[in-house]
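The stops below are to be taken in order.

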Amino acid sequence: MYSIEDAIEQIQAADIPTPIKSPLPTNELVANYEAKLGFTFPTDYKKVLKEISNAFVGTLTLIKLRPSMETEYGELCDAIQRCAELGIPAGWLPICEDNANFYLLTPHGTVQFWDHNGTNNEEWQTLAIWIRDVWLLEG
């Protein structure tokens, strides 16, 4: 079975070296976001945040957690606000934005694609599978 550890290892191998990288979130920063948003992130998502959320692979990047926690483009609180404006269900966590479309981690642990014109039926069974099939292959 393809695991989150497999996905992380593949992203780390494909990561494009750049002179400037955002710092990876700490346990404290993740906990601060969880407190601010009022829910606990799934374990696999926390692992991804803390190990590869600053990776450059293809054209996709993950939505960021920033130490300032200020709402700015590419930051999680901003993405959640924009998702709410689009009618995306509360509790669906935006993990990646692609041209005003979102990939969202659902409360059931699947990843759902949300087209800015409305949801569709593109879905991946786990975050690890989304990383493999979308971020690594399509990104």
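**Before you start.** This is a predicted model, in which local features need pLDDT of at least 70 and side-chain atom pairs count only at pLDDT 80 or more, while totals for chains, interfaces and linings use all residues. Residues are numbered from 1 along each chain as its sequence is written, and side-chain values use heavy atoms, with hydrogens and water left out.

**Stop 1: the whole chain.** Display the protein as a cartoon. Which elements does the protein contain? There are 5 helices and 4 strands; helices (H or I, at least four residues) and strands (E, at least two) are DSSP runs, numbered from the N terminus. Followed from the N terminus, their order is α-α-α-α-β-β-β-β-α.

**Stop 2: surface and interior.** Of the 139 residues, 40% count as buried, a term for under 20% relative accessible area, whereas exposed means over 50% and partly exposed lies in between (1.4 Å probe, protein chains only).

**Stop 3: the largest nonpolar core.** Select Leu127, Trp130, Ile131 and Trp135, the residues with the most contacts inside the largest nonpolar core, which has 42 residues. Such a core is a set of buried Ala, Val, Leu, Ile, Met, Phe, Trp, Tyr and Cys residues joined through side-chain atoms within 4.5 Å. Next, colour helix 5 (127-136), one of the elements that each supply at least two residues of this core. Helix 5 gives the most to it, with 6 residues.

**Stop 4: leucine 127.** Centre the view on Leu127. Beyond residues up to four places away in sequence, Leu127 touches Ile4, Asp44, Tyr45, Val48, Ile95, Leu105, Gly109 and Val111; contact means heavy atoms within 4.5 Å.

**Stop 5: tyrosine 33.** Move to helix 2, where tyrosine 33 is placed. Is tyrosine 33 buried or exposed? Tyrosine 33 is buried, with a relative accessible area of 0%. Its contacts, apart from neighbours within four places in sequence, are Phe41, Lys64, Leu65, Arg66, Met69, Glu75, Leu76 and Cys77. Finally, draw a distance from the C-alpha atom of tyrosine 33 to that of proline 23: the two residues are 10 apart along the chain, and these atoms are separated by 16 Å.
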